[in-house]
Amino acid sequence: MNFFKKILFGAAVLGFMAGGTAEAKSKIVMDGSTTVGPIAKSFAAYFTKTKGVQVTVSESGSGNGAKSIINGTCDIANMSRAMKSKEAAAAKAKGVNPVEHIVALDGMAIVVHPSNRVNKLTKTQVRDIYTGKVTNWSQVGGPNASIVKIQRESNSGTQDTFMSLVMGKGNPVSKRAETQASNGAVKNRVASTPAAIGFIGLGFTDNSVKALSIDGVKPSVETVKDGTYPISRPLFMYTNGQPTGVVKEFIDLKDTSEGQRMISELGYVNK
Amino acid sequence: MNVGTRKILNRSFTAVGIGSIVVMGIALLIVIVPIIYNGVGAVFFTGTIEHRNMLYNEFGEGDEAELAKQNAAAGVYRKEVYAMLAGFEAELEAMESERQQEFRSKYGSVRNALTALMGPLPGDTGAMLTRFKYGQTRWEKAEEKLHEFLYEAKWDYSDPDAMAKEYYVSRAAEFEGTSLVKIFPYVEKHLEEIMRPEFTIYLGFLTDSSVDSHIFGGIWPEIQGTFFLAIGAMLFAFPLGVIAAVYFTEYAREGLFTSMLRSANSTLAGVPSIVFGLFGLAFFINTLGVSESKSVLAGSLTLAIMILPTIIRAAEEAILSVPRTYKEASLSLGSTKWNTIMTVILPAALPGIITGGVISLGRAAGETAPIIFTAAVSVGSAIGLADVFSSPTPALSWNIYNLASEHEAAAEIRHVQYGMVLALVGIVLLLNLSAILLRARISKKLKG
């Protein structure tokens, strides 16, 4: 049958094309945090432009970044939290040696809708809101509206940081909190819901949401850098073993003036 | 039942039928019209000089002399604006410290709003990120930013029990009594001269790579990735599906085993696609290691498994619908079973098989969940054919999701997102259309 022959021929041609042009090309595959995402994407674009090395970036959450580097399916794992001891053990079992590189610092902004009169909260108040002890904005000096709590998914490094820096041990987030899957999604939800509260990386804040002062300190590049803003954290890139070759060049971007300018233009804080 | 009631019942049934078709049509329009309207806006729009500068600098497109002329013409008005800024800065320096403090932060936000509108101002340190190197590239966005430049949004917190209301304060009023007050009416009046809007057809949206994670540029890597994934999935699933269907219809003996296989196949067709995605990650990447990282290959295999049941079912139905007499005639002429299948049954069933294939192809192109973990990345350049075995790729379905929710500047680039949606709808239609044509040709050949 002629038709099948045509298909076979087409497949053969495709196969030859693939085989013929195959060559060892250096490339970098990155996976992980949506918070580190903008930095990774900007670095990737710059690196591809200047070095001609293909870099791909996936934003699937810190937890997935850790899994990918453990399974050896990425070169660099972006994470907005440090690797947990459990993950480190899993890595060891697979013969992977995760090495951490701090790329930048990030403040975690507690954001509300701009129409909310509340401008500041204490860490305890934020905790009480998320545990469900405080349910109405009027209890913390705001208008009479019940609070819509927005959190991140369990895979998120931002969620882990929030749990350890704000909630503390033994204070689970109320079951009525709503879960969103990325910084951008939390920001959109808060920007469209007047009574909402959420937490996002400082680099994601813009004038569609209002970042609150926490314990009297407004989140900003300066307050994160000097450590006065209470909820800040380093952002990581993990490699398997000490990086070499193009991966090393990529990681080293964070220490160059170009890399640092990109980080600060994106609204993150250079370490 | 008497004739009268029957008539009424008949009519009301017709009315319900027409009504539901109308409702469906309206629903379709509500979905399709904004997609087409906004999606077309990604290619056809009123572009500013910033767009043409960006194209020239990033892609080397455009006429250099013409662009220089336009820049010079716009520069005349821009210089006026810069002079006003410089004049105010000098005035600011001369103020006593309290007033200076008051104006400094206000001036900062004016400068930011102006930078957002027309790009870096003199005295700014050069931006590293491309998104900060240019002002607004689209006229409707420029008008939005003009509003932000002229008016400051504030919130009225006077009622302690209710959510505040937004109101706008003219920035000009805030700078009453200073030299900067002139700049607001000037920019408002001369916005066209400063930005030089022109009707633009940016076909590069379909053929360029993205610049600075989709803020500028096009969606070629996504389009290409979608094609690779869908066609790759078909390469695996179509032959396998047809062979399986031939086995089911011609070779398998009816019995417990076959009916179990059949029901397993039906069940597989109903499994949620995210399950296939996780299975693909666990099986193809982590267990088999078909590629070191996510890759087009792993994604295609996962999609292939997802669409396989549909193809098998469709092919089976198509083969069963071939009249028995064809087969019997062929066998009676002394043809072998294999020969009969290849030369009589399959060609006759081919149009039906292809229909099933087309439906699956559209599904493979549009599915997001199976490729999240196996093939899709949020940024990456267009990969060559040689890289499909090892490289992940951006793909329309995943990037639409990414731009809608995760992207840090999602609200600024809605047009790119709509453009991607329209491109995806277009690709699926195109694939369907070409398969329908192919099918028509084969049917015609069979009849003729």
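## Chain A: burial and build

Of the 271 residues in chain A, 49% count as buried. That figure, like everything below, comes from a predicted model. Chain A is put together from 10 helices and 11 strands, and its C-alpha trace spans about 75 × 50 × 40 Å along the principal axes.

## A helix tucked away in chain A

Helix 7 of chain A, residues 183–192, is worth a look on screen. Of its 10 residues, 7 are buried, so this helix is largely enclosed by the rest of the structure. The buried ones are A:Asn183, A:Gly184, A:Ala185, A:Val186, A:Lys187, A:Asn188 and A:Val190.

What covers the buried residues of helix 7 of chain A? From chain A itself, the cover includes strand 4 (98–112), strand 6 (148–152), helix 6 (157–167), strand 7 (178–180) and strand 8 (196–201).

## Chain B: the overall picture

Chain B has 17 helices and 6 strands. Its radius of gyration is 31 Å, well over the 22 Å that the globule rule gives for 448 residues, so chain B is more spread out than a compact globule. Taken along the principal axes, the box filled by its C-alpha atoms is roughly 105 × 70 × 50 Å.

As for burial, 38% of the 448 residues in chain B are buried. Among chain B contacts with a separation of 6 or more, 72% are between residues 24 or more positions apart.

## Where the two chains touch

On the chain B side, 42 residues are in contact with 46 residues of chain A. Which elements of chain B give two or more residues to the side that touches chain A? They are helix 11 (273–288), helix 14 (337–366) and helix 16 (396–406) of chain B. Sorted by class, the chain B residues on this side come out as 23 nonpolar, 12 polar and 7 charged.

## Helices 13 and 14 of chain B

Helix 14 of chain B also has a partner within its own chain. Helix 13 of chain B (residues 324–332) packs against helix 14 of chain B at an angle of about 160°, with 10 Å between the axes. An angle over 145 degrees counts as roughly antiparallel, so that is how helix 13 of chain B runs relative to helix 14 of chain B. The crossing of these two helices is right-handed.

From helix 13 of chain B come B:Tyr326, B:Lys327, B:Ser330 and B:Leu331, which meet B:Thr340, B:Val344, B:Ile345 and B:Ala348 in helix 14 of chain B. By class, this contact has 5 nonpolar, 2 polar and 1 charged residues.

## Helices 4 and 5 of chain B

Another pair in chain B is helix 4 (residues 97–118) and helix 5 (residues 139–150), packed at an angle of about 170° with axes 9 Å apart. Helix 4 of chain B and helix 5 of chain B are therefore roughly antiparallel.

Helix 4 of chain B brings B:Ala113, B:Leu114, B:Ala116 and B:Leu117 to the contact, and helix 5 of chain B brings B:Ala142, B:Lys145, B:Leu146, B:Glu148 and B:Phe149. The tally here is 7 nonpolar, no polar and 2 charged residues.

Conventions. Residues are numbered from 1 along each chain as its sequence is written. Chains are lettered from A and ligands numbered from 1 in the order in which they are written. This is a predicted model: local features need pLDDT of at least 70, side-chain atom pairs count only at pLDDT 80 or more; totals for chains, interfaces and linings use all residues. Helices (H or I, at least four residues) and strands (E, at least two) are DSSP runs, numbered from the N terminus. A residue is buried if 20 or more other C-beta atoms lie within 10 Å of its own, exposed if 12 or fewer, and partly exposed in between; C-beta atoms are placed from the backbone. The radius of gyration is taken over C-alpha atoms; the globule rule is 2.2 Å times the number of residues to the power 0.38. Two residues are in contact if their C-beta atoms, placed from the backbone, lie within 7 Å. Ala, Val, Leu, Ile, Met, Phe, Trp, Tyr, Cys and Pro count as nonpolar, Asp, Glu, Lys and Arg as charged, and the others, Gly among them, as polar. Axes are lines fitted to C-alpha atoms, for helices over the stretch in contact, and angles run from 0 to 180 degrees between N-to-C directions. Angles under 35 degrees count as roughly parallel, over 145 as roughly antiparallel, 65 to 115 as roughly perpendicular and the rest as oblique. A crossing is left-handed if the near helix is turned anticlockwise from the far one by less than a right angle, and right-handed if clockwise.
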